[in-house]
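The exercises below are to be worked with the sequence and the 3D structure open. Each task is followed by a solution in steps.

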Amino acid sequence: MSSASKDIQSHIATPASSETAHTRSSGIAITPMGIIFLISAVLLIAGWMLPLDRYITAKRGVGYALGIIGGSAMLILLLYPARKRWRWLSFMGSVKGWFQTHMALGLIGPVCILYHANFSLGATNSNIALFCMLIVSGSGLVGRYLYTRIHFGLTDRATTLADLQNNAQRLRGINMSLPFFPELLQRLMDEEKQLLMRVQKSLVLLRPVHSAWLSMLATRRLHAYVRTALRSASLQSATIRQQQQRLRHSTYHYIEQRLQATRQLANFKAYTQLFSLWHILHLPLFFMLLIAGMVHVVAVNIY
């Protein structure tokens with residue numbers, strides 16, 4: 001049984017530590033977009049709390065300039081879909097670069113316009129343009145979240161369903177020499193089938209939350225089974241009894257990795273469908289913003 005224990009540790013503990021280290025290293029990474037988002041958040045809080053009307057006016061000086069800068073930034077946002085659609089614009093730079101620029105300007109532009117408006121309401125045409133901008137900006141943040149759920153990083157290489165299935169197959173390939181492991185595998189497969197089936201029946205908007213809830217319940221059930229099975233096995237094997245805590249944590253990690261991969265499979269189609277629906281909604285909102293912005297500029301300069 002000593003060799004079985006070594007087999008367990010070599011197949012579970014090592015992958016677990018490497019994957020955990022990768023997760024931690026990726027979790028603390030500081031990105032340019034993260035810095036821009038943080039600065040934008042600080043500026044928004046400061047602008048909301050400070051009496052800007054004492055220093056900035058929308059009709060002249062810094063306030064007027066911020067309106068021009070913010071409006072121009074929102075117009076430049078159109079270059080990303082143009083670069084993505086037309087290959088002959090490749091001289092302008094990579095699609096990835098323009099995507100990052102698109103996201104950055106989607107934060108910088110609204111911040112400038114809010115400072116231009118002194119974080120307050122004005123004439124009817126100004127209010128329409130302001131609310132259109134806020135709706136488009138909020139929509140952009142939602143799209144950014146959905147995009148990251150179906151893509152790796154900020155690249156245009158989508159995570160395919162096959163990639164996630166291969167990951168699940170890799171986890172299934174781990175072989176552990178524990179007396180109760182065959183039954184654990186069967187219970188785990190049953191939980192995975194139930195999770196996929198029940199998630200597919202729920203509303204697409206609720207699937208990520210539903211899959212997380214079902215995964216948590218399945219994890220609790222399987223953890224309870226492992227605790228009971230390990231206690232029983234430890235009564236028959238001194239090696240398992242000595243390694244009981246380590247084996248429990250390693251088996252827990254295996255279960256969690258399997259269920260996480262299954263959850264990704266369940267969520268992938270939901271996020272893809274939501275992203276498609278978001279695209280249908282976001283484009284009309286953006287054109288509505290352009291029309292409202294042009295009406296505002298014309299009204300300000302004429303009247």
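**Exercise 1. A charged pair in the interior**

Task: Are E192 and R258 buried or exposed, and which parts of the chain do they link?

Solution. Step 1: both E192 and R258 are buried, where buried means under 20% relative accessible area, exposed means over 50%, and partly exposed is in between (1.4 Å probe, protein chains only). Step 2: the two residues form a salt bridge, with the closest N and O atoms 2.8 Å apart; the term stands for a side-chain nitrogen of Lys or Arg within 4 Å of a carboxyl oxygen of Asp or Glu. Step 3: E192 belongs to helix α8 and R258 to helix α11 (residues 244-302), so the bridge ties together parts 66 residues apart in sequence. Helices (H or I, at least four residues) and strands (E, at least two) are DSSP runs numbered from the N terminus.

Before going on, note that this is a predicted model: local features need pLDDT of at least 70 and side-chain atom pairs pLDDT 80 or more, while totals for chains, interfaces and linings use all residues. Residues are numbered from 1 along each chain as its sequence is written, and side-chain values use heavy atoms, without hydrogens and water.

**Exercise 2. The other salt bridges**

Task: How many salt bridges does the rule give, and where do R221 and E191 lie?

Solution. Step 1: the count is three. Step 2: R221 and E191 form one of them, with their closest N and O atoms 2.9 Å apart. This pair joins distant parts of the chain, with R221 in helix α9 (residues 207-234) and E191 in helix α8, 30 residues apart. Step 3: R221 is partly exposed because its relative accessible area is 45%, whereas E191 counts as buried at 14%. Step 4: a further bridge joins the side chains of E183 and R187 at 3.2 Å, N to O. These two residues sit in helix α8 (residues 181-201), four residues apart, or about one turn of the helix. E183, at 41% relative accessibility, is partly exposed, and R187, at 37%, is also classed as partly exposed.

**Exercise 3. The nonpolar cores**

Task: Which residues of the largest nonpolar core touch the most other members, and which element gives the most residues?

Solution. Step 1: a nonpolar core is a set of buried Ala, Val, Leu, Ile, Met, Phe, Trp, Tyr and Cys residues joined through side-chain atoms within 4.5 Å. Step 2: the largest has 23 residues, and M74, Y115, M133 and L289 touch the most other members. Step 3: two or more residues come from each of α3 (61-76), α5, α6 (124-150) and α11, and α5 gives the most, with six. Step 4: M133 touches M74, P110, I113, L114 and L289, leaving out residues up to four places away in sequence; a contact means heavy atoms within 4.5 Å. Step 5: another core lies apart and has 17 residues, including A229, A233, L247 and Y254.

**Exercise 4. The chain as a whole**

Task: How many helices and strands does the chain have, and what share of its residues is buried?

Solution. Step 1: there are eleven helices and zero strands. Step 2: 38% of the 303 residues are buried.
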